[in-house]
Amino acid sequence: MAASSFLFTLLLVLLTFSDSTVKILGLGVGINYGQIANNLPSPSRVAFLLRSLNISRVKLYDADPNVLMAFSNSNVDFIIGLGNEYLQNMTDPVKAQNWILQRVQPHLPQTRITCIVVGNEVFKGNDKQLWSNLLPAMQTVYNTLVNLGLDKQVTVTTAHSLDILGVSYPPSAGAFRQDLGEYLHAILNFHAQIKSPFLINAYPYFAYKDNPNEVQIEYVLFQSNQGMVDPVTNLRYDNMLFAQVDAVYSAIKQMGHTDIEVRVSETGWPSKGDENEVGATPENAGLYNGNLLKKIEQKQGTPAKPNIPIDIHVFALFNENLKPGPASERNYGLYYPDGTPVYNIGVQGYLPELVYSSSSTKNEFTVFSLLILVIAYLISA
């Protein structure tokens, strides 16, 4: 008992190593953990940061074994990704099975993998072969999960850009692009069959950046505004994100489905951009994500689906310094790689720092490692 008291005291002391104050997020929000950077903290330190924020849902863009192992025996649900470059191989049952046996099954059940996203924004490009391979790849991966007895814990989906919409306004008129009709109809049938969600990457920021004189900034930042009323449904929308989600619901309904849930796999706002990227500021990013968290905390649904709390993964955990494209692409993170918040949204996590036991021997250890040892001892005591 005395040892346990001592270790608990040590735990509290260790937490004072950082200037950061641990505040519990405690919300139903997920986070996108991208890794296109060369300066990110180790997955084990990230695991502690997310625990300090009480974030229990993480989306990866691959199946990085280092990350999945770092989150072993945690309460984090993982969405993992199969990049577009894998789609052709995933139409082959043998290759799909090998991938799952090598990249997924070894981590179950100690790491909670709940979903595989097969491809990302496939219809954003013009590669018709990729379009044709998407559904067969999803089906083959799912059938492999069934054969291995994993389909009850791991589902299959893909993520779409909002470019798949031909009509998005008003929300009740939402419709998919005509050239994607046959592909999306078959994909929706598959979702309905296996009861998996339809994922969209929705960024009101893009709409504002492209038309800052026409799109009201308060409308995209979840601030007080007059909003808009859908002339068909008479539903009032006070923010663009919810209008975008309902436009997708309308498009799905036009395809004959009312039994598929739409989830937001990415949304966010950049804190920095190039000169022509209007609105990319820390202030706007803080308002967008901070107000979005309040919506999630209130378990709000969209006007068309008020009883279904909107399911969202925010993009992204860290700024990623190696991402190609405009400056905004490298500045969507809630945190800098050193664990410092990019802006204040009322929550702050704790990223353990590296410390040294002796300046002469340079024997390095982390606060995280000590904490894990202490916690493990307390649990077993």
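Which residues do ring pairs link into a cluster? In this model, which is a predicted one, the members are Tyr 61, Tyr 203, Tyr 205, Phe 206, Tyr 208, Phe 222, Trp 269, Tyr 288, Phe 315 and Tyr 332.

I will start with the rings and then move to other features. The count of aromatic pairs comes to 18. One of these is Phe 48 with Tyr 350: the ring centres are 5.5 Å apart and the planes stand at 70°, and planes over 60 degrees apart count as edge-to-face, so this pair is edge-to-face. Phe 48 belongs to helix α2, residues 43-53, while Tyr 350 is in the loop between β12 (312-314) and β13 (354-356), so the pair ties together parts 302 residues apart in sequence. Both ends can be checked for burial. Phe 48 has 10% relative accessibility and counts as buried. Tyr 350, at 0%, counts as buried too.

Next, a pair from the cluster. Phe 315 and Tyr 332 have ring centres 5.5 Å apart and planes at 70°, so they are edge-to-face. Each of the two residues sits in the loop between β12 and β13, so this pair ties together parts that are 17 residues apart in sequence. Phe 315 counts as buried at 5% relative accessibility, and Tyr 332 counts as buried at 3%.

Stay with Phe 315 for a moment. What kind of peptide bond joins Phe 315 and Ala 316? That bond is cis, with omega about 10°. Ala 316 is also placed in the loop between β12 and β13. Another cis peptide bond joins Leu 108 and Pro 109, where omega is about -5°. Pro 109 is in the loop between α5 (93-103) and β4 (112-120). As background, most peptide bonds are trans, and most residues other than glycine have a negative phi.

Phe 222, a member of the ring cluster, has a positive phi, near 60°. Its place is in the loop between α9 (217-220) and β9 (228-229). Phe 222 is buried, with a relative accessible area of 10%. Asn 54 also has a positive phi near 60°. Asn 54 lies in the loop between α2 and β2 (57-59). Is Asn 54 buried or partly exposed? Asn 54 is partly exposed, at a relative accessible area of 40%.

Now charges over rings. The charged end of Lys 295 sits over the ring of Phe 242, 5.9 Å from the ring centre. Lys 305 lies over the face of Tyr 249, at 4.9 Å from the centre of that ring.

How many cavities of 30 Å³ or more does the structure hold? There are three.

The last stop is Thr 158, in strand β5, residues 155-161. Thr 158 is buried, with a relative accessible area of 0%. Which backbone oxygens does the side chain of Thr 158 reach? One is that of Val 118, at 2.7 Å. Another is the backbone oxygen of Gly 119, at 3.1 Å.

Definitions and conventions
Residues numbered from 1 in each chain as written. Predicted model: local features only at pLDDT ≥ 70, side-chain atom pairs only at ≥ 80, totals over all residues. Heavy atoms only, no water. Phe/Tyr/Trp six-rings, centres within 6.5 Å; stacked < 30°, edge-to-face > 60°. Helix = DSSP H or I, 4+ residues; strand = E, 2+ residues; numbered from the N terminus. Buried < 20%, exposed > 50% of the residue type's maximum accessible area, 1.4 Å probe, protein only. Lys NZ or Arg CZ within 6 Å of the ring centre and 35° of its normal. 1 Å grid on protein atoms, 1.4 Å probe; cavity = no way out; pocket = protein on both sides within 12 Å on 5 of 7 lines; lining within 4 Å. Points joined across faces, edges and corners; volume = space filled by probe spheres on them. Polar contact = N/O pair within 3.5 Å; in protein donor to acceptor, adjacent residues only side chain to side chain.
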